[in-house]
Amino acid sequence: MEKYIIEGGYKLHGKVSISGSKNASLPILIATLLTDNKVILHNVPKLKDVDTTISIIEFLGKKVVWKDESTLVVTQSGTAYKEKGFVVAPYELIKKMRASFLVSGALLANYNKVKTALPGGCAIGVRPVDIHIKAFEQLGIEHYIESGYEVFIKKKRVPKNSVIKFRYPSVGATENILMFLSKIPQQVTILNAACEPEVVDLANFLKKLGVQIEGAGSRTIKIVGCKKFTSSDIEYTVIPDRIEAGTFIIAAAITKGEIELNNVEPQHLTFVINKLRKSGLVIETENNKIYVLWKKSLKPQNITTRPYPYFPTDLQAQYMALMCTLKGSCVIKETVFENRFLHVGELLRMGANIVVEGRKAIVFGVEKLKSAEVMVSDLRAGAGLVLAALAAEGVSKISHIYHLDRGYEKLEEKISLLGGKIKRIDE
Ligand code: EPU
């Protein structure tokens, strides 16, 4: 099993280039199922989750080739697999990654009968798909569950001027429904939609296909799909990964270093940047750059994770690692996922002082984190542990790092270039 060996205590300094966004690349790759045209996607990160998505869309009839380090070319090569008249997205592929449930919307845009395996829960929560399903129902799709599959049958036309109101601004449900509606040539309004930059990126990609979308990035989205997409090849550049960028900003803070981040969109991190500035970190932004400098001891700040534009749940573990090292205390409240404190137990093994009360963690800073052998439970928890280990005294060993390979491109290479002492070993 592969593990990271990290020797803490080295300040990170230098320049790092941020990769394309994982959570934008996945839905956009799935959205290529909507068109038979060639799609060229730039700024796609080479990650496990991207590989999984490629396997899924290849199973459903696409051919996908890496043209260079970060460019994918997607072409049509066959047709989707059918079983008794249903196009099937099988469990073997869907179970690997929850985001794959997004194929439902794209497939329902193309076919009348679709079976998608239900992805099941994961370490951070139960993660139901009721919001997706209720919206599909309102849009005239019948469904039932059979042998772990959600079986969808398009029975009725989408009612004229439909208005869908989500009970919660789910990122995945917003993306799934946008994909489904991209071929329905009448206006549908989505209320309480997710405004994450990744949703906007998918909307921009769909617009390139010819879909009319207004309001992406706000809570109200109006979409008018089109029967026939543009006939030319599509070329699109995915947004930078704001969570990877946030992770490196916190890495500079926790190691008391100085980093320049390139290929970033600072606006996507406004809330996080303001919070860290408030704690005393120097952060300057330019077009596609963020400059971070630790100048003086930082002060802990409370945070509550919430949907965009507020503090992202995907940076909560990394932020907690930083708070563990500051003098004083703060409260971190997780409202997005019900079980996203699995890193706490591991941080305690590194000498942190954290008390969890339901969805709140009270973090009391300690003089120094200490190295330990720790285990990654999920992608972002893993990032939190890597940062903690970079700041800790001594040599830490981090296992189950395959979670990190799902979402951080060339992590050890980037940290090493910044002067961090990190090695991948197989034992
Ligand atoms: N939820 C429901 N019912 C639904 C859908 C969601 O109860 O039908 C709940 C979820 O269980 C969760 C909350 O609503 O508690 C938020 O879920 P959402 O649908 O917004 O998230 P997602 O689409 O499943 C994406 C990202 C996550 C990120 C969340 C929140 C992708 C592939 N994943 O998940 O990223 O944490 O939005 O911003 O885009 C990660 O990258 O590590 C990661 C987990």
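**Cavity and ligand shell in a predicted model**

Author: The largest cavity in this structure, which is a predicted model, has a volume of about 50 Å³.

Reader: What makes this space a cavity rather than a pocket?

Author: A cavity is a set of points where a 1.4 Å probe fits but cannot get out, whereas a pocket is an open set. A search of the whole structure with a threshold of 30 Å³ or more finds 1 cavity, and the lining of the largest cavity consists of T247, F248, A251, A383, V386, L387, L411 and I415. Two or more residues of that lining come from each of α8 (242–254), α12 and α14 (411–417).

Reader: How do you know how the lining of the largest cavity divides into nonpolar, polar and charged residues?

Author: Ala, Val, Leu, Ile and Phe are among the residues that count as nonpolar, and the lining divides into 7 nonpolar, 1 polar and no charged residues.

Reader: Why is the ligand said to lie between domain 1 and domain 2?

Author: Domain 1 (2–18 + 240–426) and domain 2 (22–237) both contribute residues to the shell around the ligand, and therefore the ligand lies between them. That shell holds 21 residues, with D130, I131, S170, D314 and V336 as the closest, and α5 gives the most to it, with 3 residues.

Note on methods
Residues numbered from 1 in each chain as written. Predicted model: local features only at pLDDT ≥ 70, side-chain atom pairs only at ≥ 80, totals over all residues. Heavy atoms only, no water. Near = heavy atom within 4 Å. Helix = DSSP H or I, 4+ residues; strand = E, 2+ residues; numbered from the N terminus. Domains from an automatic or database assignment. 1 Å grid on protein atoms, 1.4 Å probe; cavity = no way out; pocket = protein on both sides within 12 Å on 5 of 7 lines; lining within 4 Å. Points joined across faces, edges and corners; volume = space filled by probe spheres on them.
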